[in-house]
Amino acid sequence: MSATESAIASAEAHSAHNYHPLPVVVASAEGAWMTDVEGRRFLDMLAGYSALNFGHGNRRLIDAAKAQLERVTLTSRAFHHDRFAEFCTRLAELCGMEMVLPMNTGAEAVETAVKTARKWGYQVKGVPEGTAKIVVAANNFHGRTTTIISFSTDAEARADYGPYTPGFEIVPYGDLTAMESALTHNTVAVLLEPIQGEAGVLVPPPGYLAGVRELTRAHDVLFIADEIQSGLGRTGKTFACEHEGVVPDMYVLGKALGGGVVPVSAVVSSEAVLGVFRPGEHGSTFGGNPLACAVGLEVIAMLETGEFQERAAELGDHLHRELGMLVGGGAVETVRGRGLWAGVDINPSIGTGREISERLMERGVLVKDTHGSTIRIAPPLVISKEDLDWGVAQLRAVLAG
Ligand SMILES: *Cc1c(COP(=O)(O)O)cnc(C)c1O
């Protein structure tokens, strides 16, 4: 058995089968490239679902983490530590908001957003106790907790996990009329991905986010933007909402906020909203820990200059021009996305998304399929133009058969 085969066999024997990874076993990585246990190199065109926006082993992030590892890594929130205030202040500034509530994973931040919106609804909006409603979109992906999968429309993500948490209403994504009909006095929030990632990088119709902003304002409802995957540079802006000039009431952040080093997530909002919490009402042992704050601060510093956003915009335009040329030739049906983020719908007669991903792997490119015949392309923002072109050339070759 090869090193790859034995590693995969052991993983299958001793880990729950809740994933179906491509048959590659990564041993090291740098920038946009990963090296497997056999010494083969692969171009990473997934970037940990945007958790690796700044690339593997980014020097600034690794140095920030190392320096903090030598000082203090965990205090719990029972005590203050000397990186916490700066992290919260600078993150709030980056978001143009006032307050931050740090957590660890994306799902925890979404849970925090749900709890915040409900508390705000009861205490500020005056919604009768126990009746708060949150409006979400069909085909959403917000994480894997029992409450979050309760409002998923994906049978795989949801089946056999009931009883489900009530209090959510699902409307079609991109439909402002449906959104308006769903808003009532009991609605405390609308929770949306400004671009739906897992659904296949679905960009809503122009004017949708701005329309949701108007409706939520008119109905005294919080607009919560889950920018866990779309935010922090991926689309060519700090936030995907910016493409429509929209400022939500709350950002939910994760993935790239931890620089691919540690899990760091956060809810960022105004004092009027996050001010609803009193000591003891919410928390997390690891949330806002010194190591997370040190890495998160470096991520914020990198985003403050705008250079990564600019790079994602430029390389993204190039990527979409190149992918656009594949449409119409029979192999590719549609290409969607923004910045360095694309969903490519492959003609099912060429192969499933999984099959295309496996063929790309054989050519040294790693991507992830989603929903049957879609592949998702989201390389680290530090990828070179030459490597990006090479990756697209491999896709072209695979599609040519
Ligand atoms: C990944 C993701 C989440 C969940 O984040 P985890 O860190 O995996 O819990 C939530 N929302 C969106 C949009 C995501 O892409």
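Begin by selecting strand β12 together with strand β15 (residues 374-377), which run antiparallel and are joined by four bridges; strands here are DSSP E runs of at least two residues and helices are H or I runs of at least four, numbered from the N terminus, and two strands pair if DSSP finds at least two bridges between them. The model is a predicted one, in which local features need pLDDT of at least 70 and side-chain atom pairs count only at pLDDT 80 or more, while totals for chains, interfaces and linings use all residues. Residues are numbered from 1 along each chain as its sequence is written, and side-chain values use heavy atoms, with hydrogens and water left out.

Within this pair, select Gly 343, whose bridge partner in β15 is Arg 376. Four residues lie between the strands in the hairpin of β11 and β12, where Gly 339 takes a positive phi near 60 degrees.

Now colour β12 (residues 342-346) by burial: five of its five residues are buried, so the strand is largely enclosed by the rest of the structure, where buried means under 20% relative accessible area, exposed over 50% and partly exposed in between, with a 1.4 Å probe and protein chains only. Ala 342, Val 344 and Ile 346 cover one side, with Gly 343 and Asp 345 on the other.

Next, select the ligand and the residues around it, among them Thr 105, His 142, Glu 193 and Gln 229, each having a heavy atom within 4 Å of the molecule.

- A polar side-chain atom of Asp 226 lies 2.7 Å from a nitrogen atom of the ligand.
- The side chain of Lys 255 has an N or O atom 2.6 Å from an oxygen atom of the ligand.
- A polar backbone atom of Phe 141 is 3.4 Å from a nitrogen atom of the ligand.Finally, turn to the second largest pocket, which holds about 480 Å³ of space. On a 1 Å grid over the protein atoms alone, a pocket is an open set of points where a 1.4 Å probe fits, with protein on both sides within 12 Å along at least five of seven lines, and lining residues have an atom within 4 Å of a point; the volume is the space filled by probe spheres set on the points. Of the 25 lining residues, select Arg 77, Val 100, Leu 101, Phe 277 and His 282, which are the closest to the pocket's centre. The elements giving two or more residues to this lining are α4 (84-95) and β4 (99-103), and β4 gives the most, with five residues.

Methods
Polar contact = N/O pair within 3.5 Å; in protein donor to acceptor, adjacent residues only side chain to side chain.
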